[in-house]
Amino acid sequence: RRTAAALTAAAERAMETLLLLPDGARAATKLNLREAFSREWEGFIEEEARAGWEMLCEPAVEKALGDVLERLSSSSREKKGRGRDARSPTAKL
């Protein structure tokens, strides 16, 4: 089993090797990878939107998202008596 230090060292060695490549070669490779990915994703965009909205409209998902928003709302916590000490600052979204 690898330790965090060993993993970091391996990542640094890999990055050092990649940085030896000319800038133009790295840029061309990134462009090719991104371009192919973008075209594939664009072909899926209608299905992703349909399926995504369908999933987000399921009652269980709507409830879960509503619960998350309620927990994130400082005014909601304060109304329910679960807010922070009045002297403690709170973030507002």
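Buried residues, meaning those under 20% relative accessible area, make up 3% of the 93 residues in the protein. The protein exposes about 8,500 Å², of which carbon and sulfur atoms supply 62%. Accessible areas come from the Shrake-Rupley method with a 1.4 Å probe, and for residues only the protein chains shown count as cover.

This is a predicted model, in which local features need pLDDT of at least 70 and side-chain atom pairs count only at pLDDT 80 or more, while totals for chains, interfaces and linings use all residues. Residues are numbered from 1 along each chain as its sequence is written, and side-chain values use heavy atoms, with hydrogens and water left out.

**Confidence and elements**

The mean pLDDT (the predictor's confidence in each residue, from 0 to 100) is 83, and 77% of the residues reach 70 or more. The protein has 5 helices and 0 strands, in the order α-α-α-α-α from the N terminus on. Helices (H or I, at least four residues) and strands (E, at least two) are DSSP runs, numbered from the N terminus. Where pLDDT is low, the predicted coordinates should not be read in detail.

**Salt bridges**

A salt bridge is a side-chain nitrogen of Lys or Arg within 4 Å of a carboxyl oxygen of Asp or Glu. By this rule the count comes to 5. The table lists some of them.

| Pair | N to O distance | Position |
|---|---|---|
| Arg39 and Glu35 | 2.9 Å | helix 2, 4 residues apart |
| Arg50 and Glu47 | 2.8 Å | helix 3 (residues 45-56), 3 residues apart |
| Lys63 and Asp67 | 2.9 Å | helix 4, 4 residues apart |

Arg39 and Glu35 are separated by about one helical turn, and Glu35 is partly exposed at 39% relative accessible area. Arg50 and Glu47 are also about one turn of their helix apart. Arg50 counts as partly exposed because its relative accessibility is 44%, and Glu47 counts as partly exposed at 35%. For Lys63 and Asp67 the spacing is again about one turn of the helix. Asp67 is partly exposed, with 28% relative accessibility, whereas Lys63 counts as exposed at 53%. Salt bridges that share partners join Glu47, Arg50 and Glu54 into one network.

**Aromatic pair**

The structure holds 1 aromatic pair. Phe37 and Trp41 form this pair, which is tilted, with 5.5 Å centre to centre and 50° between the planes. Rings of Phe, Tyr and Trp (its six-membered ring) pair if their centres lie within 6.5 Å; planes under 30 degrees apart count as stacked, over 60 as edge-to-face and the rest as tilted. Phe37 and Trp41 lie 4 residues apart in helix 2 (residues 23-43), so they are separated by about one helical turn. Phe37 is exposed at 51% relative accessible area, whereas Trp41 counts as partly exposed at 45%.

**Nonpolar patch**

Met15, Leu18, Leu19 and Leu21 make a nonpolar surface patch of about 380 Å². Patches are made of residues with over 30% relative accessible area and no salt bridge: like charges are joined within 9 Å, and nonpolar side chains (Val, Leu, Ile, Met, Phe, Trp, Tyr) within 5 Å. Met15 is found in helix 1 (residues 4-18) and counts as partly exposed at 44% relative accessibility.

Notes
Buried means under 20% relative accessible area, exposed over 50%, partly exposed in between (1.4 Å probe, protein chains only).
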